[in-house]
Amino acid sequence: MKNLLPVFTVLGLVLAAGKGVSAQNCGCSASECCSRYGYCGNGPDYCGTGCQSGPCTGSNGVQVGDIVTDAFFNGIIANQDRPNCAGKGFYTRSRFLEALAAYTSFGTTGSADDSKREIAAFFAHVSHETEKMCFIEEAGGQSEFYCDDKNYPQWPCATNKRYYGRGPLQLTWNYNYGAAGQAIQFDGLNNPELVATDPLISFKASLWFWMQNCHDAITSGQGFGATIRAINSGECNGGSTAKVASRVNYYKDYCNQFGVDPGTNLEC
C-alpha cells in the first residue's frame, strides 16, 4: 500500500498587486486568468509569469503535445497489458492534452529545458503513483477516510465519503478534493469518486494539484526533490529511500528521453 501522508495545498496569501479578488483558487470566467496565487483577474500580475489557466501571456511557446508524443505516452502505458490493470483505456494522451487546456502554463514556463524538466517530473510522479498508469485508485486505500475538517473547516467532509488517493497523482484528503473541485468545477467533497471515474476530471485534478504545489519548483531551481516533498513529504529525510529512488529514476529516464539534463537537488 502506498504510504500517503497529508499533503497540504499551498494557497497564495498575497493578492497580486493589491488588486481585488473575484475568486480564490480560480474557477475563473473564460476571459480571466488564474494567477500563480490562485486568483482571477486580468493584466500582467494575473496573466504573466506563473499564470495557471485562461488567456495567459507568460508562455515560452513550447507545445506540450510536441514533447508528450504518442510514442512517449504509449511507452508509459505499455505495461497496461498486464492483468488487473484498471487504468487501461482510462488514462489516454488525448484526455491529458484536453485537460491541459485548463492549465496553459504547465510545461510552458521558463526555458525550453525547464519545460521538458517539468513535463518529465510530472510524468515521473504519475508513473510512480500509478505504477505506470495502471492504478486509478490507491491500492488498499478504500478503507481510509482521509478527512481533516477540524483543521480545514472550509472543506467539510461529506457523510461516508472517503478521500483516499485517486487519479494520476493520487489526489488525497478532503481539503484537496474540495479545493480541486472548486477550481475545476465539480463537487469534490460530495462526489470524490469522479476523480476515479471521469478521465478528464482525473487529469484536471492532478494538474490542479501540480500547479498549486509543484509547478514553480523546477523553474525556480528548487529541483525535482522539492516536488517529491510536495507530493509525499513522508518519503523524505530517509522516510522511504526506495520510493524516492523510484521517482528519481523515472525522472532521469524521462529527462533522457527528452534530451535534457535533469538538474540538481533530485532527492528530498
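Biologist: Are Arg117 and Asp114 buried or exposed?
Modeller: Arg117 is buried, and Asp114 is buried too. Keep in mind that this is a predicted model.

Biologist: How far apart are the N and O atoms of that pair, Arg117 and Asp114?
Modeller: The closest N and O atoms are 3.4 Å apart, and the two residues form a salt bridge. Both sit in helix α5, 3 residues apart, which means they are separated by about one helical turn.

Biologist: How many salt bridges are there?
Modeller: The count comes to 9. One of them joins the side chains of Glu129 and Arg247, at 2.6 Å from N to O. Glu129 lies in helix α5 and Arg247 in helix α11, residues 241-258, so this pair ties together parts that are 118 residues apart in sequence.

Biologist: Which residues are in a network with Glu129?
Modeller: Glu235 and Arg247 are linked with Glu129 in a network of salt bridges.

Biologist: What does UniProt list for Glu129?
Modeller: The UniProt entry, which is unreviewed, lists Glu129 under "active site". In this model Glu129 has a relative accessible area of 3%, so it counts as buried.

Biologist: Changing topic: how many residues are in the largest nonpolar core?
Modeller: It has 69 residues, and those with the most contacts inside it include Phe96, Phe123 and Trp210. Helix α8, residues 199-213, gives the most to this core, with 9 residues.

Biologist: What does Phe123 touch, apart from its neighbours in sequence?
Modeller: Leaving aside neighbours within four places in sequence, its contacts include Val68, Phe72, Phe96, Met133 and Tyr254.

Biologist: Back to α8. How many of its residues are buried?
Modeller: 14 of the 15 residues of α8 are buried, so the helix is largely enclosed by the rest of the structure.

Biologist: What is at the start of α8?
Modeller: A side-chain oxygen of Asp198 reaches to within 3.0 Å of the backbone nitrogen of Leu200 there.

Methods: Residues are numbered from 1 along each chain as its sequence is written. This is a predicted model: local features need pLDDT of at least 70, side-chain atom pairs count only at pLDDT 80 or more; totals for chains, interfaces and linings use all residues. Side-chain values use heavy atoms; hydrogens and water are left out. A nonpolar core is a set of buried Ala, Val, Leu, Ile, Met, Phe, Trp, Tyr and Cys residues joined through side-chain atoms within 4.5 Å. Buried means under 20% relative accessible area, exposed over 50%, partly exposed in between (1.4 Å probe, protein chains only). Helices (H or I, at least four residues) and strands (E, at least two) are DSSP runs, numbered from the N terminus. Contact means heavy atoms within 4.5 Å. A polar contact is a pair of N or O atoms within 3.5 Å; within protein, one must be able to donate a hydrogen and the other to accept it, and residues adjacent in sequence count only if both atoms are side-chain atoms. UniProt positions are given in the numbering used here, feature names are shortened, and annotations may be inferred rather than shown by experiment. A salt bridge is a side-chain nitrogen of Lys or Arg within 4 Å of a carboxyl oxygen of Asp or Glu.
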